[in-house]
Amino acid sequence: AIEGFMFCATVATGLLQLISLRFSGTGELQNLRFMRTRRHATVSEATVADFLRKNFFCLLHNQPDLPINQIISAKQPTLLDSTDIPAAS
């Protein structure tokens, strides 16, 4: 179990680093957080994580044609299928 957790943590950190490098030099992520000093044009991993934490679900909602959204929609019961949902006891 620890190996799986470490693998997921390493992948997540790598994705944060790649995203931060991808958006370096753009103004999109530069002014999101108050920074006492700005030493580099590259945004930090903490800034990218904060941006994703606040905006991830809004980004998904604005892109309904993404494959991940279609998978999530297919697994969610619709209002017509409310008989499939177990009643709360």
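## Surroundings of N69

In this predicted model, N69 is in contact with L60, Q63 and P64, once its neighbours within four places in sequence are set aside. N69 itself belongs to helix α3, which covers residues 67-75. With a relative accessible area of 11%, N69 falls under the 20% limit and therefore counts as buried.

## Overall architecture

The protein is built from three helices and has zero strands. Read from the N terminus, the order of elements is α-α-α. Helix α1 takes in residues 2-22, helix α2 takes in residues 45-62, and helix α3 takes in residues 67-75.

Buried residues make up 11% of the 89 residues of the protein. The accessible surface amounts to about 7800 Å², and carbon and sulfur atoms account for 64% of that surface. Where contacts link residues at least 6 apart in sequence, 26% of them join residues at least 24 apart.

## Packing of α1 against α2

Helices α1 and α2 pack with their axes 9 Å apart and at an angle of about 100°. This angle lies between 65 and 115 degrees, so α1 is roughly perpendicular to α2. On the α1 side, the contact is made by T13, L16, Q17, I19 and S20. On the α2 side, the contributing residues are E45, V48, A49 and L52.

## Salt bridges in α2

Two salt bridges are found when the whole structure is searched. One of them pairs the side chains of D50 and R53, with an N to O distance of 3.4 Å. Both D50 and R53 are in helix α2, where three residues, or about one turn of the helix, separate them. D50 has a relative accessible area of 13% and is therefore buried, the limit being 20%. R53, by contrast, is exposed, since its relative accessible area of 61% is over 50%.

The side chains of D50 and K54 also meet in a salt bridge, at 3.2 Å from N to O. D50 and K54 are likewise placed in helix α2, four residues apart, which again corresponds to about one turn of the helix. K54 is exposed, with a relative accessible area of 57%. Through salt bridges that share partners, D50, R53 and K54 are joined into one network. Within that network, the buried residue D50 is thus linked to R53 and to K54, whose side chains belong to exposed residues.

## A nonpolar surface patch

On the surface, a nonpolar patch is formed by F7, V11, L15 and L18. Together these residues present about 410 Å² of accessible area. One of the members, F7, is located in helix α1. F7 counts as exposed because its relative accessible area, 57%, is over the 50% cut-off.

Key. Residues are numbered from 1 along each chain as its sequence is written. This is a predicted model: local features need pLDDT of at least 70, side-chain atom pairs count only at pLDDT 80 or more; totals for chains, interfaces and linings use all residues. Side-chain values use heavy atoms; hydrogens and water are left out. Patches are made of residues with over 30% relative accessible area and no salt bridge: like charges are joined within 9 Å, nonpolar side chains (Val, Leu, Ile, Met, Phe, Trp, Tyr) within 5 Å. Accessible areas come from the Shrake-Rupley method with a 1.4 Å probe; for residues, only the protein chains shown count as cover. A salt bridge is a side-chain nitrogen of Lys or Arg within 4 Å of a carboxyl oxygen of Asp or Glu. Helices (H or I, at least four residues) and strands (E, at least two) are DSSP runs, numbered from the N terminus. Buried means under 20% relative accessible area, exposed over 50%, partly exposed in between (1.4 Å probe, protein chains only). Axes are lines fitted to C-alpha atoms, for helices over the stretch in contact, and angles run from 0 to 180 degrees between N-to-C directions. Angles under 35 degrees count as roughly parallel, over 145 as roughly antiparallel, 65 to 115 as roughly perpendicular and the rest as oblique. Contact means heavy atoms within 4.5 Å.
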